[in-house]
Amino acid sequence: MSTHDAERGAGVPGPRTGPAPDSARTDERGTKAPGLTARTEGRRPQAPASRRSTALSSRTRTRLAAGTLLTPFFALFTVAMIVPVGYALWLSLFTEKQSGLGFDGPRTVFDGLGNYATALGDQAFRDGFWVLLGYCALYLPLMIGGAIALALLLDTALARARRFFQLALFLPHAIPGLIAALIWIYLYTPQLSPVVAAMEAGGIGFDFFSAEGTLPSIVNIALWQWLGYNVVIFYAALQAVDRSLLEAATVDGAGNWRIAFSVKLPLIRSSLVMVLLFTVIGSLQLFTEPLILSRGSGSAVTSTWTPNMYAYSAAFERNDYGLAAAASVLIALVAAVLSFVVTRFTNRRKEARP
């Protein structure tokens, strides 16, 4: 027998030719290592129960905090938006009719879409949308173009003058629309207004309350009140533009006009879309300024000059709340459609750009 065979026969292990099986890998106490057991069974080692419970409680606390913070918003949104819209929809389906000879008083009866047909068939209601179309055609270019121009000027002005002009432009927005309309009625009235007197002294005669002058007069009031608000939005967006891009454009030889239209405006496209959308929706809600002008100023504005004024007149002058609710729902539908069109159009243009 050779020495090697003797050693094997004596129980001395020979050289290892491969890894030992997991079942043979035990610690000194005869228990398997946890990692090796999990690998042998074909699954990952699981986290301790305390760690899983901690992660679960953390997610629960996060969801609870989010729900707590969002609950006031949804409650207010439900009370101030969903409930009034639902009530308007319900109210628009009913109308009041006289029974018999009218001695029993009016009865509220279900009318279905009758109020909607009445509103759409009324020439005064349809003419109100034509007035809004002319108003938007005059107001939107002046508002958007003027706000962008002023914001670009502020973005390139001296640092000391920026805060002053921001405050001066924003102050008219702090004045309520009713007060602003009253101020401008005074400035439009002959024999009272220093503006009219100065225009007449310069040989300029213009009747702000005539059929031709009413629309520009109202556009002027809206511009005076909302221009500074939009300037602040555009200026804030311009301040967020990366200045290294502007410096690179300057180094490449671009002038101020090229930088403004080729660098700055494309980078604040989202703000432009937002302001355009809000301005269109606000234009459909035109009410305060023409209502004030229609009361005692001798203007050409009637009680149904805009769709909102039509709904107001139906509710509080004719006591036809069903017709007023139907007109309001139709105005909301038009606003929703226009919002969708504006958003879709701007998104398509953004996708079409290389």
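Are aspartate 155 and lysine 264 buried or exposed? Both aspartate 155 and lysine 264 are buried. Before I go on, please keep in mind that this is a predicted model.

I'll start with the charged residues. Side chains of opposite charge can pair when their charged atoms come close. Searching the whole structure for salt bridges turns up two. In one of them, the side chain of aspartate 155 meets that of arginine 243, at 3.1 Å from N to O. Aspartate 155 belongs to helix 5, residues 123-156, and arginine 243 to helix 10, residues 243-251, so this bridge ties together parts that are 88 residues apart in sequence.

Aspartate 155 also forms a salt bridge with lysine 264, and here the closest N and O atoms are 2.7 Å apart. This pair again links distant parts of the chain: aspartate 155 is in helix 5, lysine 264 is in helix 11, residues 256-267, and they are 109 residues apart. Taken together, Asp155, Arg243 and Lys264 are linked in a network of salt bridges.

How accessible are the partners? Aspartate 155 has a relative accessible area of 4%, and because buried means under 20%, it counts as buried. Arginine 243 comes out at 33% relative accessibility, so it counts as partly exposed.

Next, the aromatic residues. A pair of aromatic rings is described by the distance of the centres and the angle of the planes. How many aromatic pairs does the structure hold? The count is 17 aromatic pairs. One of them is stacked: phenylalanine 73 with phenylalanine 77, at 5.9 Å centre to centre and with 25° between the planes.

Another pair is edge-to-face: phenylalanine 94 with phenylalanine 110, at 5.6 Å centre to centre and 80° between the planes.

Trp184, Tyr188, Phe206, Phe208, Phe209 and Trp224 form one cluster. And at tyrosine 310, the charged end of arginine 318 sits over the ring, 5.2 Å from the ring centre.

Back to strand 1 for a moment. Threonine 95 is found in that strand. At 12% relative accessibility, threonine 95 counts as buried. What does threonine 95 contact, leaving aside its neighbours within four places in sequence? The residues in contact with threonine 95 are Arg107, Thr108, Val109, Asp111, Asn115 and Asp320.

Now a buried residue in a helix. Isoleucine 292 lies in helix 13, residues 288-293. Its relative accessibility is 15%, so isoleucine 292 counts as buried. With neighbours within four places in sequence left aside, isoleucine 292 is in contact with Leu178, Ala181, Leu182 and Ile185. From C-alpha to C-alpha, isoleucine 292 is 9.8 Å from isoleucine 179 in space, although the two are 113 residues apart in sequence.

Last, two backbone items. Most residues other than glycine have a negative phi, and most peptide bonds are trans. Which residues have a positive phi here? One of them is glutamine 191, with phi near 65°. Glutamine 191 lies in the loop between helix 7, 177-188, and helix 8, 194-201. At 79% relative accessibility, glutamine 191 counts as exposed.

Asparagine 319 is a further case, with phi near 55°. Its place is in the loop between helix 14, 307-316, and helix 15, 321-352. Asparagine 319 is at 46% relative accessibility, so it counts as partly exposed.

To return to the opening question: aspartate 155 and lysine 264 are both buried, and together with Arg243 they make up a network of salt bridges.

Terms used:
Residues numbered from 1 in each chain as written. Predicted model: local features only at pLDDT ≥ 70, side-chain atom pairs only at ≥ 80, totals over all residues. Heavy atoms only, no water. Helix = DSSP H or I, 4+ residues; strand = E, 2+ residues; numbered from the N terminus. Buried < 20%, exposed > 50% of the residue type's maximum accessible area, 1.4 Å probe, protein only. Contact = heavy atoms within 4.5 Å. Phe/Tyr/Trp six-rings, centres within 6.5 Å; stacked < 30°, edge-to-face > 60°. Lys NZ or Arg CZ within 6 Å of the ring centre and 35° of its normal. Salt bridge = Lys/Arg side-chain N within 4 Å of Asp/Glu carboxyl O.
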